[in-house]
Amino acid sequence: MSLRPGSDGFDAVVVGAGPAGSSAAIGLARCGARVLLLERGEYPGAKNMFGGMMSWCPAAEELVPGFWEQAPWERAVTKRVLTVAGPRSSTSVVFEAGSGSDRPAAGAGSTSDRALTGFTLYRPLFDRWLAEQAVAAGATLLTGTLADRLVVRDGAVRGVRLAGTGDVIEAPLVVACDGALSLLAKDGGLHDGFTAEQVGLGVRALYALSEEEIDERFGLAGREGSTSEFLGCTGGVRGGGFIYTQRDTLSVGLVLHLASLKERGLAPYELLDGFTASPPVARLLRGARLVEYSAHLLAEAGPRMTPRLFAPGLLVAGDAAGFCYTNGLITEGMNLAITSGLIAARTAAQALAAGDVSQRRLQAYEQRLRRSFVLRDLATFRNAIHFLRHDRLFTEYPQVVGAMMEGLYRSDGSPKRRLAALGLEAVKGRLPLRRVVADVIEVGRSYL
Amino acid sequence: MNVIDLFDLVSYRVHPEAHIRVDESVCHGCLHRACTHSCPARCYELDKERGRVVFAYEACLECGTCLLVCDRGALDWNYPQGGYGVRFRTT
C-alpha cells in the first residue's frame, strides 16, 4: 500500500462487523491492506436480530471459496409462501424449487439450481463466523468498540473517533458499514438522516420448536426451509408479516412502514401479538416456546433514500447505504450488503495502492455498483417500492382477494357465477372500480 | 403470546449512563407523542397526571424508531457505548 497508514498502522478502518463490514474487511485484507474492523457489540452479531433469508449471490463465493459449505446456515430455502390474510379466510401462493425426496439431507446449495436456494441464518452465529473469516484473512477485529464520529481533516476523512474514551484511530480510508441508521455517513454529510417515510420497523419474536415439528408443519425434509410472507395482517398499517424457518426455531414478525405506524398510532408489539394469534399463524406456532424479542429498522425507500456513497477517504456500504428493499414479493438486503462490501473493498484497495483516496478516485465505487445488480435492482423496482405506499394494498385489497376466493368456493345451493362477476362483487363497496383500474395500470408499470 | 412476556426475554448489559437524552422542553407541546406508541421497547410512556412523556433507556432495543418519529428534534440519539446495551442470544 503506497498511502501512509495512520498512526495506528492501519490502511483502512471498517466500521461494523455485519455482512457488509466483514465482507469489506475480507476483501481489503486479501489485497494486502492492514484493516481494522470495529464492532460495537460484545461480539459480531450481538446486535443483530435479522431472522430472514439470504439469497445466493456470487460475491459470497468470491470472498470465501466454498462459502455455503462452511458458513453456519440454518435451512436451505426451497419453499416460498405468499399469503393474503382476510378476516374469515386466507389465500396462499406457494413456490417450490425442484426439491424433496431425492435430496433427503438437503445440503449446501441444495437444489440443482443454486440461484433458487436462499439460506435462513441465525445472525449472531453467522456474523461471528464471517468476521472470523476476516480475521483469518489478516484483518484485526476490535469488538465492544463504538466509532461515533468521523475524523475529518483538510476536507477528507482521516479516521474515526471512539465513543467513551474519545480516542482517535487514524487511517487513510474509512468504510462505513454501521447499519440502517447510517450515522457515520450522516456525520460525513452524505445524507441528512433517514426519515420515517423511508424505513420499516421490523419486530420479531423467536420461537423454539423441534426440528421434526418444523419439518412436519411446513412440509419440509432434511435441512430444507421455507419462508412465508403475509399481507393483510398488520391492523391497517402498511407492512407485512413473516415466518422464517430456522433449524429448530422460527422467526415470526412484522415489518411495518414507520410513517404509517406513526400515523395510525398503534404499538408494534400489540400488532405482533395479533399476528401470532391470527388463525394461519397460530396453528403453525402451537406449542412453540417464545424465546426472544427484538426490533430493528430496515431501509425501504430504494433509490429515493440512497445517500451519496463516497467522499474523500470514505465509502458507505450495506444497510448504511440504503441497500435493502422490498417490492412486496421479495425482500433483499444481505446479498446487497455482501456484494457492496466486496465492491467497496476492491475500490478501496485500488485507491490505496494508487495512493489516491480522493472523491474522484472513489467514484469508481458507485460506477461499479451501477453495473452490478445492487443499484440495478434498486432501480428496477423503484416504482414497485413506491407502489407499496398505498394503504389500500394492506386493507381493502386483502379483503377483496378473500371475498373473491370465498365466492369461488362457496356452495350454498344458489347458482355459481363467472369469475368477473365474483371479482366485481368483491370490489363493490370496498373500492371504486376506477381506482382498481388505475391500480392495475400502476402494477403494470411498476412490475411488468 | 403475551405481550408482557416479550419484554422479559431480552437480555441487556446496561450502561450507567443513558445513551439517548430527551430534551423535555422541546418535547413539551408535542401532540402526537408518537414515541409512546411506536417504540417497540416501550421506553417512552405518557405520565397522564403530569401530561408529559417519561423516558427510560434501560430496555432500549437500539432500533432508532424514536429518532425518526420525533419531528421536533427532541432527542440526542446515540448507540450505547461499545459492549453495552441489548445483546441477542447466540443459541
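In this short talk I go through a strand region, a pair of helices and a chain contact in the structure above.

Please keep in mind that this is a predicted model, in which local features need pLDDT of at least 70 and side-chain atom pairs count only at pLDDT 80 or more, while totals for chains, interfaces and linings use all residues. Residues are numbered from 1 along each chain as its sequence is written, and chains are lettered from A and ligands numbered from 1 in the order in which they are written.

Strands β8(A) and β9(A) run antiparallel and are joined by 6 bridges, and two strands are said to pair if DSSP finds at least two bridges between them. Within this pairing, A:Val152 stands opposite A:Val157 of β9(A). The two strands form a hairpin with 2 residues between them, and A:Asp154, in that loop, has a phi near 50 degrees, which is a positive value in a residue other than glycine.

Is A:Asp154 buried or exposed? It is exposed, with 7 other C-beta atoms within 10 Å; a residue is buried if 20 or more other C-beta atoms lie within 10 Å of its own, exposed if 12 or fewer, and partly exposed in between, with C-beta atoms placed from the backbone. By contrast, β9(A) is mostly covered, since 5 of its 7 residues are buried.

On its other pairing, β9(A) meets β10(A), residues 168-170, in the antiparallel sense over 3 bridges, with A:Ile169 as the bridge partner of A:Val160. Here the hairpin has 5 residues between the strands, and A:Gly164 in the turn has a positive phi of about 90 degrees.

Now to the helices: the axes of α10(A), residues 334-354, and α11(A), residues 359-371, come within 9 Å and cross at roughly 155 degrees. These axes are lines fitted to C-alpha atoms, for helices over the stretch in contact, and angles run from 0 to 180 degrees between N-to-C directions. The helices are therefore roughly antiparallel, as angles over 145 degrees count as such, while those under 35 are roughly parallel, 65 to 115 roughly perpendicular and the rest oblique.

Finally, the contact between the chains takes 42 residues from chain A and 29 residues from chain B, where residues are in contact if their C-beta atoms, placed from the backbone, lie within 7 Å. On the chain A side, β16(A) gives the most, with 8 residues.

Definitions and conventions:
Helix = DSSP H or I, 4+ residues; strand = E, 2+ residues; numbered from the N terminus. Contact = placed C-beta atoms within 7 Å.
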